[in-house]
Amino acid sequence: MTLLALGINHRTATVAVREQVAFTPTQLECALEELRSLPQISEAAVLSTCNRTELYCVTDAAGEQTVLNWLGRFHNLRVDDLARCAYHYLDNDAARHLMRVAVGLDSMVLGEPQILGQLKEAYQQARQARGLGGELERLFQHTFAIAKQVRTETGIGKNPVSVAYAAVSMASRIFDDFSRSRALLIGAGETIELVARHLHEAGVRKLTVANRTRARAENISAALGGEAITLTEIPEALMEADIVISSTASPLPIVGKGMMERALKKRRHRPVFMVDIAVPRDIEPEVGELSDVFLYPVDDLQEVIEENRRHRQVAADQAESLIEHGVSHWQHERRIRNGGELIREYRRHGEALRDLSREQALERLARGEDPAAVVERLAHQLANRLMHQPTQSIRDAASQEEHALLDAVPRLLMPPKPAFETHTPATPRRRKDNTPA
């Protein structure tokens, strides 16, 4: 079986495509069940964030096409269109990719910490859906250990930089004094929580968090002295908001052009800075066409992100080295496990032949046959049975000139020479008996 990682991310696909390929929380359970039920798939996990959708599977040798076809069917997309922006990695490369994702080396913001939490959530969802077997279970656990090592031994986690930080950093270029600005944050997930914290640290004191459930919004706003509202109260909140940052899992836009037009009239066209971090988008793209609105989708944060990337490159190089050691260790353990299974299968085969020969010998003894003859037959029969298949394989390899296999035969089938060099006691010569009869 092959380990496969297949997906799209911010480097290979636009926001529009990523929106179409993203899995909503309600879709994930069904998606995992469908993916796991494919005949070629024995294990599966799905990671879906605003910047990437990735499928990790244990599959047969041609599994990438099967998974790609399924992904297209699930989202009603043309497979050819999807293939143009998809990537796939196999075995060691797949393990390396997962580890790089976990420590933020493949993120839009180099080293951002949120992805590890998202990956752990994807792991738990796969476990609950019974999508994980021994292979993916061990890989995820090993990946989490490597991610912890990278965070501990490198500076990649210091002064956390994320999409949330990049959004606030971009807002600071427009507003000289955050203390006089009012911010509206839509959503109550980890990203919005980070945005709220960064805004508060930057000087914003008038903070409103809107969410489907008020209680979740209060968890974020209360600690920062802000206000919590529900999504239905957003139109009124927009009239006061100078900064709007949105990141929800809503399948449909929350802020439309008409809603924003009405808010701008009440604001007397005071400018509004808006960042839409969500995939699918929370803010209709047409909102950006309005005067006095500065709307930036998540892809527009790239400039800020690239600046932060340069500051983290040294730590990233150290992380790459740790990951290479992690991949080598995982590969070594995987080989040992594969060898262990082969050994177990070989021993089961030998034990089956042993049991068969023993039962036949016991039957002969029960019939009263000479014990010495039975033992002689048992030894001869067991040796023949154990050597038959290897002998035939050696003959076949010799006829096909499979030299690599032939070179391995002495090491695999023949014990070291000292094991043969046991001294057989010499048989004493019989003396001629000259005693008279």
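Predicted model: local features only at pLDDT ≥ 70, side-chain atom pairs only at ≥ 80, totals over all residues.
I then placed Tyr346 in the chain, where it belongs to helix H14, residues 313–366. I also noted that Tyr346, together with Ile394, Leu412, Leu413 and Met414, makes a nonpolar surface patch of about 540 Å².

Next I turned to the sheet, an open one of six strands in the order E7-E6-E5-E8-E9-E10, with parallel pairing. At its edges I found strand E7 (227–230) and strand E10 (293–297), each having a single partner strand, so that one side of each is left without a neighbour in the sheet.

I asked myself whether strand E5 is largely enclosed or open. Four of the five residues of E5 (residues 182–186) are buried, so this strand is largely enclosed by the rest of the structure. I followed E5 to strand E6 (residues 206–211), with which it pairs in the parallel sense over five bridges, Arg182 having Lys206 as its bridge partner in E6. Between E5 and E6 the chain passes through helix H9 (residues 190–202), and I recorded this β-α-β crossover as right-handed.

To strand E8 (residues 243–246), E5 is joined by four bridges, also in parallel, and there I noted Val244 as the bridge partner of Leu184. Finally, I checked E6 against E7, which run parallel and are joined by four bridges, with Ala228 in E7 as the bridge partner of Val209.

Technical notes. Residues numbered from 1 in each chain as written. Heavy atoms only, no water. Patch = residues over 30% accessible without salt bridge, like charges linked within 9 Å, V, L, I, M, F, W, Y side chains within 5 Å. Areas by Shrake-Rupley, 256 points an atom, 1.4 Å probe, with all protein chains shown as cover. Salt bridge = Lys/Arg side-chain N within 4 Å of Asp/Glu carboxyl O. Helix = DSSP H or I, 4+ residues; strand = E, 2+ residues; numbered from the N terminus. Buried < 20%, exposed > 50% of the residue type's maximum accessible area, 1.4 Å probe, protein only. Pairing = 2+ DSSP bridges. Right-handed = clockwise from strand over helix to strand, strands pointing away.
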